[in-house]
Amino acid sequence: MNVARAGEHSAEAQLEVTKLDVEANAANAFLEAAAAQQLTLAASANVDRRETLTKSIHVLVDNQLRPGADASRADAELAAARTQFLRAKQAEQETLIRLAEALGIAGQNVEVAAGALSSAAPDVPVSEPNVNTNPSARLAFSEVEQSQAREHALDRSYVPQFRLQSGISGRGSGLNNTGQFLGGDNGLVPDRYNWALGVAATFSPFDIFSLRARKQIEAANERGAQAAYEGTIQQLTAAEQRARTSLETSIEIAKNSEIELSAAHQSDRQAEARYKSGLSTLVELADAQQLLVNAESDEAVAKLNVWRSLLATGFAAGDLTSFLDAVEKAPDKTQ
């Protein structure tokens, strides 16, 4: 009974591990697709800005207000921006394919609506997760329980086995007490019955040698399972600490990316004004625009990286409830 119950616990823990892996994989695939989508939007915005700038530069060149080299440089920058956009679009499509696969609908078209996830970092809950409740830890401990249950069963197997036995019989001869045949249907069915009841005991004293060897094997299996369980706890603890460190760092990066983006916008406006007034070269303006592209890309994924780090902490703890609650409570600043 204990062995069967331990096996049931192991199967339940394995099911929880599988469910956690599937849920975390799908959530991570969604966040990757959302980040790729934001990078595509940033690349598209870069193309739009460069198209506008290229048109204005060509006007200046046509009016001999700027050298022809500036028009060539602007065309090259625009072509490079379009190439960057196409690569970002390809990367986005690849993440959508992985998302469909993670959702179990490979081959179907899926779309991502990041909403609040791309516009606001989550409110990170302050809690101390217990890695012992992680399904992976429970699965490892169930192996210990199974070995202990088998050892207990072996301890109780070197005892006599008692069996209750019973039997019943009947006869029908069709004869009376004088031996005369009664005729008709007499004798077709039993009309005399007998029964027996007893207890049988079996015991094999030589089984002690094989049982002793089997107990030694199970004891070794238990020690191995215990070591594996302790190793699992160490791995989960380290994973949780790494996830927490990543979460703290990603929060600071998200805050800094807003400052970076604001400064890059200001630098781009100033560089464009200086170029149009003839106070700087196109190279300076191109550098400012590239800085803006990098800032937009950083800001586009910074908040989503916070969400990914929060997902990692939930996965390490074996419970995605805190992540899902934060998703539901996130305010959508894009509306």
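Okay, let's start with Q235: at 58% relative accessibility, this residue counts as exposed, since the cut-off for that is over 50%. Keep in mind that we're looking at a predicted model. Q235 sits in helix α5, which runs over residues 207–276. Now look across to A316: the C-alpha atoms of Q235 and A316 are 9.3 Å apart, although 81 residues separate the two along the chain.

That takes us to helix α6, residues 282–317.

Next up, the packing. In general, you describe two packed helices by the angle between their axes and the distance between those axes. So how do α2 and α6 pack? Helix α2, residues 68–102, packs against α6 at an angle of about 15°, and their axes are 11 Å apart. Angles under 35 degrees count as roughly parallel, so that's what we call α2 and α6. As for handedness, α2 passes α6 in a right-handed crossing. If you want to click on the residues making that contact, on the α2 side they're D70, R73, A74, E77 and Q84. From α6, you want L282, V283, A286 and V293.

Conventions
Residues are numbered from 1 along each chain as its sequence is written. This is a predicted model: local features need pLDDT of at least 70, side-chain atom pairs count only at pLDDT 80 or more; totals for chains, interfaces and linings use all residues. Side-chain values use heavy atoms; hydrogens and water are left out. Helices (H or I, at least four residues) and strands (E, at least two) are DSSP runs, numbered from the N terminus. Buried means under 20% relative accessible area, exposed over 50%, partly exposed in between (1.4 Å probe, protein chains only). The expected span of a helix is 1.5 Å times one less than its number of residues. Axes are lines fitted to C-alpha atoms, for helices over the stretch in contact, and angles run from 0 to 180 degrees between N-to-C directions. Angles under 35 degrees count as roughly parallel, over 145 as roughly antiparallel, 65 to 115 as roughly perpendicular and the rest as oblique. A crossing is left-handed if the near helix is turned anticlockwise from the far one by less than a right angle, and right-handed if clockwise. Contact means heavy atoms within 4.5 Å.
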